Amino acid sequence: METGNANRKKIRGKKIIIFLTSLLIITAASFTFLNESIVQSKPDYDYATITNKVQKVGNHADVWSSKTETKEMKFIEDQQDAAKEASYFPDQDTAIREMNKHWALFPNTAVPGDVILVRHDSPGTINWQGKEYTLSSFGTGYYTYLPIPMSIEAGTYDIGTQQLTIKDKTFKKSYITVSEENQNIRRNTERIMADQKMIDKARSQSADEFLFSPDSEFMTPVEGERTTPFGYTRYVNGEYSGSHTAIDWAAPTGTPIRATNDGVVALSENFYLTGKSVYIDHGMDLFSQYIHMSELKVEAGEKVEKGDIIGLVGSTGFSTGPHLHFTFWVHNVPSNPDMYLGKTPFQLVDEKD
Ligand SMILES: [Zn+2]
């Protein structure tokens, strides 16, 4: 694990900003305007307060030297960034604690197939499981998701100054029987490869910020019976077929499928293997995937909000009956959606440190 060549001066500057920011947050209780701008977790309220302050600075521009004004504007910008980032955490104390750390992991214990969110106080990269991940600026910090491969060994891994504990998990086996005709679908590798190219391209372009709002928890996308959980080892007609890196819900054809959270539709296509499929970008290289649908209700490029109907349950592509096959893709690695259902990544904070 290593960070890129982060400049020491920058780190020192950042530390000072964070120190000042935290000092201001801590003293916020005694100042009404700060109390309003930082303590309130609703971002629109924060922005309204900050906008008022920006206007005040503007009105007094004639009596202020331009240097002081620039300093003040920078100060307000930092406050705005800190308030925006803090609003994503469950409460103010957690925000202060996590935003003052050099490195933070959400969460710091995981199992194969999980995903963690990493925060660092400086820009740079992380080498994780043979791949390099660039940290993206958000608020006053730098973030990236890291996928935990299905093949990872249990143990302790260093990420910056933090330790990630990977626990063992045994996945059950699942046996399915399909018709010869259905089996043939999987043998047309040329068509599958052509579709995969398009899917990989869509999944490699993600928004450089979190597209869901601060308290928007990921929701279960369909009402149905959970038939296959994430991670089951699959055998198709007695042959080993890899891990089922998704959750299946059986539901009648035509049951509405909803966006698990806010985002932008990256793909809405009828693919050979996965049938009518939708991919939604939630920002920072986290995508949700919905396949085998009977009908597509959105188009690529469309902005969606959590709960919007994006398609209907079906059995298109390589499928044995009407169901939704739903998963997350993190930097092009399938990851267990159960991690985030009913939560946001920022709520997976370990309380003990
Ligand atoms: Zn499935």
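Student: How many residues does the hairpin have that joins S16 to S17?

Tutor: This is a predicted model, in which local features need pLDDT of at least 70, side-chain atom pairs count only at pLDDT 80 or more, and totals for chains, interfaces and linings use all residues. Residues are numbered from 1 along each chain as its sequence is written. Strands (E, at least two residues) and helices (H or I, at least four) are DSSP runs numbered from the N terminus, and two strands pair if DSSP finds at least two bridges between them. Strand S17 (residues 275-281) runs antiparallel to S16, with seven bridges, and the hairpin joins S16 to S17 through three residues.

Student: Which residues form the covered face of strand S4?

Tutor: In a regular strand the side chains alternate between the two faces of the sheet. In S4 (residues 125-128), the uncovered face holds Thr 125 and Asn 127, and the covered face holds Ile 126 and Trp 128.

Student: Which residue takes a positive phi in the hairpin of S4 and S5?

Tutor: S4 pairs with strand S5 (residues 131-134) over four bridges in the antiparallel sense. The bridge partner of Thr 125 in S5 is Thr 134. The hairpin has two residues between the strands, and the residue with a positive phi, near 55°, is Gln 129.

Student: Which strands stand at the edges of the open sheet of four strands, and why is one side of each without a neighbour?

Tutor: The order of this open sheet is S1-S3-S7-S6, with antiparallel pairing. The two edge strands each have a single partner strand, so one side of each is left without a neighbour in the sheet; they are strand S1 (103-106) and strand S6 (136-138).

Student: In S7, which residue is the bridge partner of Phe 138?

Tutor: S6 and strand S7 (residues 141-147) run antiparallel and are joined by three bridges. The bridge partner of Phe 138 in S7 is Gly 141.

Student: Is Gln 79 buried or exposed?

Tutor: A residue is buried if 20 or more other C-beta atoms lie within 10 Å of its own, exposed if 12 or fewer, and partly exposed in between, with C-beta atoms placed from the backbone. Gln 79 lies in helix H4 (residues 66-86). With 22 other C-beta atoms within 10 Å, Gln 79 is buried.

Student: How many of the 15 residues of H7 are buried?

Tutor: Helix H7 (residues 189-203) reaches 20 Å from its first C-alpha to its last, close to the 21 Å expected at 1.5 Å a residue; the expected span is 1.5 Å times one less than the number of residues. H7 lies largely in the open, because the number of its residues that are buried is one.

Student: What percentage of the 353 residues of the protein count as buried?

Tutor: The secondary structure comprises seven helices and 23 strands. Of the 353 residues, the share that count as buried is 36%.
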